[in-house]
Structure formats: structure tokens, C-alpha cells
Amino acid sequence: MMVLLTVLLGGLYPLAVWAFSRIDSSMAEGSRVSAQGCVIGSSLLGIDPQVKAGEPDPYLHARVAGSGDTPMAPGDPSASGASNLGPANPDLAATITARRKAIATREGVAESAVPADAVTGSASGLDPAISPAYAALQVPRIARVTGRTQDQVRSIIAAHTDSRQWGFLGQPRVNVLEVNKALGAGCNRAP
């Protein structure tokens, strides 16, 4: 019995799982997305693109990742993780207020115009999509920095906006990585 179970569970089962993963290897290999010959991100993980301080910001930004010491966590999936702070926690309220102020400043809008998904992380901290409202908030900045018209940027965003799953589950969502790819993110300008 031990030899049989060793062969089945120690050899055949792992081999079967590996073989099954090769059917659609894009999922098994990290769901990589390439542009201009290099990997710029993952279709399943939201990575908020960052620019160096003082440089123009041509990117559509994702939701904040994780709960680091800074209100705006870096654009790195390793920063993900829940804060485990409840809605009445003053530390969470202070972090959200700081995020709202930073985003309002970046976008040149009133703090009241910043949508909720811009200042709160998803449950996993790695959501690859944002709300159409958060995407629309970023259109003027992206248009100004990239030299496109606002209508052109809105058109790119609309092309990468998915409606509710099966017409009734969830909310409409914008794929941040695909929008950034369409805006020109690549080897020289990776998100």
C-alpha cells in the first residue's frame, strides 16, 4: 500500500498537475504581458506604475497596493497585504485621508472628487482593475503629459473597460495594464 501511494501521490499526481498546467501555460507562468519585446506586467496582478520624483506621470494608476508605512504603497506586488484595520480605526482613516490628498494633488482636483477605490486597496491588495470613475479622474493629466487629446485617452480607456461579468456580477472595471500598454508602456517606459 505504501509503495502504491508513494507512486500515485508522490509521482503520478504531481506529474498530472504539471501536465494540466501546460494546457494554458500563460496562467502557470505568471500571466505575463509583453510590449515592445519585454515583460511589462501581469494580467492578473495590479502593479501601480511609479515615476521618479519630478518627472511627468503618463500612467493610468491602479489601486493602492498593501498597507505599508507610506500612504501610497509602491508599485510592487510584494507590498500587498491587508492592514487588518477596521473601518472605525483612526490609523486607517488617517491613511485614507493622506491617500485622498496625494491623489487630489496629483490629479489637480478637489479631495471630494477622488473615488473610494482610489484610496482603498482591494481585498488581495493586487486588483488589476479600477473603476471607470477613477480612470476618468486621471484623463486630463494623462492627456496633458502624453500629448494626446482627452477624447483619445477616453477612447483608449473605453477600449479596455469591461462591463459586469455575465451582465449582473460586479461592477464595470478598467484594465490598468492594458491601458498603459496602449498608451505606450514598454521596454523604455515600463509601468
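The legends below describe close-up views of one predicted model.

Local features are given where pLDDT is at least 70 and side-chain atom pairs only at pLDDT 80 or more, while totals for chains, interfaces and linings use all residues. Residues are numbered from 1 along each chain as its sequence is written, and side-chain values use heavy atoms, with hydrogens and water left out.

**Figure 1. Overview of the chain and its secondary structure.** The chain contains seven helices and five strands. Helices (H or I, at least four residues) and strands (E, at least two) are DSSP runs, numbered from the N terminus. Read from that end, the order of elements is α-α-β-β-α-α-β-α-α-β-β-α. Of the 191 residues, 29% count as buried; buried means under 20% relative accessible area, exposed means over 50%, and partly exposed lies in between (1.4 Å probe, protein chains only). Among contacts (heavy atoms within 4.5 Å) between residues at least 6 apart in sequence, 56% join residues at least 24 apart.

Figure 2. Helix α1 covers residues 2-21. The expected span of a helix is 1.5 Å times one less than its number of residues.

**Figure 3. The open sheet β3-β5-β4.** Three strands make up an open sheet, in the order β3-β5-β4, with antiparallel pairing. Strands β3 (129-130) and β4 (161-162) are the edges; each has a single partner strand, so one side of each is left without a neighbour in the sheet. Two strands count as paired if DSSP finds at least two bridges between them. Strand β5 (residues 173-175) and β4 are joined in the antiparallel sense over two bridges.

Figure 4. T161 belongs to strand β4 and stands opposite V174 in β5. With a relative accessibility of 29%, T161 counts as partly exposed. Leaving aside neighbours within four places in sequence, T161 is in contact with P132, R173 and V174. The C-alpha atoms of T161 and P172 are 6.9 Å apart, and these residues are eleven apart along the chain.

**Figure 5. The largest nonpolar core.** A nonpolar core is a set of buried Ala, Val, Leu, Ile, Met, Phe, Trp, Tyr and Cys residues joined through side-chain atoms within 4.5 Å. The largest one here has 22 residues, and those with the most contacts inside it are L60, I103, V114, I130, I157, V174 and V179. At least two residues of this core come from each of α3 (90-107), α4 (116-119), α5 (132-146), α6 (150-159) and α7 (176-182). Helix α5 gives the most, with six residues. Not counting residues up to four places away in sequence, V179 touches L60, I156, I157, H160 and V174.

**Figure 6. N180 in helix α7.** N180 is found in helix α7. It is buried, at a relative accessible area of 2%. Apart from residues up to four places away in sequence, N180 touches P49, Y59, L60 and A185.

Figure 7. A salt bridge is a side-chain nitrogen of Lys or Arg within 4 Å of a carboxyl oxygen of Asp or Glu. The whole structure holds four salt bridges. R141 is paired with D57, the closest N and O atoms being 3.6 Å apart. This pair links distant parts of the chain, 84 residues apart: R141 is in helix α5, and D57 is in the loop between β2 (38-42) and α3. Both R141 and D57 are buried. R106 and E107 also meet in a salt bridge, with an N to O distance of 2.7 Å. R106 counts as partly exposed at 23% relative accessibility, whereas E107 counts as buried at 9%. D57, R106, E107 and R141 are linked in a network of salt bridges.

**Figure 8. The R154 and D151 pair in helix α6.** The closest N and O atoms of the salt bridge between R154 and D151 are 3.0 Å apart. R154 and D151 are three residues apart in helix α6, so about one helical turn separates them. An α-helix has 3.6 residues a turn, so residues three or four places apart point the same way. R154 counts as partly exposed at 41% relative accessibility, and D151 is exposed at 59%.
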